[in-house]
Amino acid sequence: MMKLYAPSTIKEIKDRYGFKLSKSLGQNFLTDKNIIDKIIAATEITDEDLVIEIGPGIGVLTYEAAQRAKQVTAIEIDKNLIPILEDTLHDFDNVDIVNQDVLKTDLNRIIDDSGCRSAKIIGNLPYYITTPIIMAILESGVHADSITIMMQKEVADRIKSQPGSKVYGALSVAVQYYCTVQTVAVVPKEVFFPVPKVDSAVLRLDIRKDKPVELINERMFFRCIKAGFGQRRKTLSNSLMGIGDVTKEEVKDCLSHAGIDEKRRAETLSLDEFASLANYFSKRE
């Protein structure tokens, strides 16, 4: 088996298939075996698992996952990469290559139909669509144990940030509501082909079986988060007016009952405080 991660191999594949990298799809291929090994190790794949890979590219991670998993489903949006994947992965009878947009794919159907004991999601996400993919997967209630993915370091920093941080925001609260978060690796831009403009990071998101807070209305919880961070420079008494259909007095009353100073800003609120606030707003409905 050739070293799929080697720049010379990537060039050889490009020449053989006449493949052109797509800037619009954010295609940058990983060329560092150490990082590949860290991703695979962090995912903790067993021979009873289904692995769903988002954006397999030429099959670098897929090849390693297929050696360990019971089944691998690789979802690739670029039809020009399908014959390459069929070639590089032809030795495996446990790999299913799907030419589809992951945002239009029913992951739960794939998981439930696989018959595997558990499912784990991996991938190297295009920078331009990282957040929509993560949130779509989590909001779908995906039946997976974990999501181990490469993303722009800036996005990873936002996801794992804590209250009070300059980068703490709606994405931080939302992902931490659904998952526990740990950093697997920081990845310098030089280990990609072609070299992108920014560094990357790999996070492992372990999907919570039980949510960390009790909510009366989950929809209200996310409305509070969206409104609070929608105008982050404003105090909560002003930004929470963005919830809609509330008076200034009602906002102040809910903040008071939740024990939150109305002069604070959203980036200082913990997950528990957002939950408490949302529950008081829910009670008034």
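Me: Where does glycine 244 lie?
Reply: Glycine 244 is in the loop between helix H10 (236-239) and helix H11 (248-257). Keep in mind that this is a predicted model.

Me: Is glycine 244 buried, exposed or partly exposed, and why?
Reply: Glycine 244 counts as partly exposed because its relative accessible area is 25%.

Me: How many Å apart are glycine 244 and leucine 30 in space?
Reply: They are 45 Å apart, C-alpha to C-alpha. In sequence, 214 residues separate glycine 244 and leucine 30.

Me: New topic. Which helix has threonine 43?
Reply: Threonine 43 sits in helix H2, which covers residues 33-43.

Me: And why does threonine 43 count as buried?
Reply: Because its relative accessibility is 0%, and buried means under 20%.

Me: What lies 2.7 Å from a polar atom of the threonine 43 side chain?
Reply: The backbone oxygen of isoleucine 39.

Me: Which residues does threonine 43 touch, not counting those up to four places away in sequence?
Reply: Threonine 43 touches Lys120, Ile122, Thr148 and Arg204.

Me: Now helices H8 and H9. At what angle do they pack?
Reply: About 155°, with the axes 9 Å apart. H8 is residues 170-178 and H9 is residues 218-230. The pair is therefore roughly antiparallel, because angles over 145 degrees count that way.

Me: Which residues make the contact?
Reply: From H8, Ala170, Val173, Ala174, Tyr177 and Tyr178. From H9, Glu218, Phe221, Phe222, Ile225 and Phe229.

Notes
Residues numbered from 1 in each chain as written. Predicted model: local features only at pLDDT ≥ 70, side-chain atom pairs only at ≥ 80, totals over all residues. Heavy atoms only, no water. Helix = DSSP H or I, 4+ residues; strand = E, 2+ residues; numbered from the N terminus. Buried < 20%, exposed > 50% of the residue type's maximum accessible area, 1.4 Å probe, protein only. Polar contact = N/O pair within 3.5 Å; in protein donor to acceptor, adjacent residues only side chain to side chain. Contact = heavy atoms within 4.5 Å. Axes fitted to C-alpha atoms, helices over the stretch in contact; angles between N-to-C directions. Parallel < 35°, antiparallel > 145°, perpendicular 65-115°, else oblique.
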